[in-house]
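Reader: Hi! Could you walk me through this one?
Author: Happy to, have a look here.

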Amino acid sequence: GHSFLNGDPTALMTGQTYLSGYLALLMRAEPYQNRYGAQCMQPNLMGIENICEMAARLLFSAVEWARNIPYFPDLQISDQVALLRLVWSELFVLNAAQCGMPLHIAPMLAAAGLHHSPMAADRVVAFMDQIRIFQEQVEKLKALHVDAAEYSCIKAIVLFTSDAC
């Protein structure tokens with residue numbers, strides 16, 4: 001706290017050690033680093049069932065990640081659910097980009113969504129617009145060449161910076 005303002009180098013080192021430790025815990029919670037590895041996104045998955053499974057895996061991995069990061073498990077279950085409901089789409093986009101989701105998958109996600117849940121024409125237009133925005137966000141993140149540590153930090157910021165509770 002105050003020792004940072006007083007220029008105490010010991011306090012600065014303690015703060016850096018804490019941040020390094022926190023980052024290590026965030027990174028350890030990453031499902032892609034530890035378990036999925038290069039198999040996170042397989043570009044040969046083309047069927048609708050495979051696309052749906054991939055989307056479900058991305059969403060599940062966001063929940064799994066949150067359950068394994070510092071402080072989130074300490075929250076009341078109702079608060080955990082509220083936070084995840086509020087930010088699931090952002091975590092989904094981040095996981096898709098982190099995983100290296102092939103850009104041609106986005107239209108197939110749309111087709112899978114329409115296949116499983118037919119909707120009126122006006123809703124189809126809005127849905128397709130959401131898919132386009134999703135694809136643009138993934139493209140932008142890929143262009144930034146965000147590394148694994150940065151993805152972990154971004155996801156933690158997204159999860160804990162909200163008005164859910």
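Author: One term before we start: a crossing of two helices is right-handed if the near helix is turned clockwise from the far one by less than a right angle. Also, this is a predicted model.

Reader: Thanks! Which way does α5 pass α8, left-handed or right-handed?
Author: The crossing of α5 and α8 is right-handed. Their axes come within 9 Å and cross at roughly 165°. Angles over 145 degrees count as roughly antiparallel, and α5 and α8 are therefore roughly antiparallel to each other.

Reader: What sort of residues make that contact of α5 with α8, by class?
Author: Eleven are nonpolar, two polar and two charged. On the α5 side they include Leu83, Leu84, Val87 and Leu91, and among those in α8 are Tyr151, Ile154 and Val158.

Reader: And at what angle do α5 and α7 cross?
Author: At roughly 50°, with the axes coming within 9 Å. That makes α5 oblique to α7, and this crossing is right-handed.

Reader: Nice. Which residues of α5 meet α7?
Author: Phe92, Val93, Leu94, Ala96 and Ala97 in α5, which meet Phe134, Gln137, Val138, Leu141 and Lys142 in α7. That contact divides into eight nonpolar residues, one polar and one charged.

Reader: Changing topic: where is the kink in α5 centred?
Author: On Val87, with a kink of about 60°. Helix α5, residues 77–99, spans only 28 Å between its end C-alpha atoms, while a straight helix of 23 residues would span 33 Å.

Reader: What comes just after α5?
Author: Gly100, which takes a positive phi of about 80°.

Notes
Residues numbered from 1 in each chain as written. Predicted model: local features only at pLDDT ≥ 70, side-chain atom pairs only at ≥ 80, totals over all residues. Heavy atoms only, no water. Helix = DSSP H or I, 4+ residues; strand = E, 2+ residues; numbered from the N terminus. Expected span 1.5 Å × (residues − 1). Bend = angle between axes of the 7 residues up to and from the residue. Axes fitted to C-alpha atoms, helices over the stretch in contact; angles between N-to-C directions. Parallel < 35°, antiparallel > 145°, perpendicular 65-115°, else oblique. Contact = heavy atoms within 4.5 Å. Nonpolar A, V, L, I, M, F, W, Y, C, P; charged D, E, K, R; others polar.
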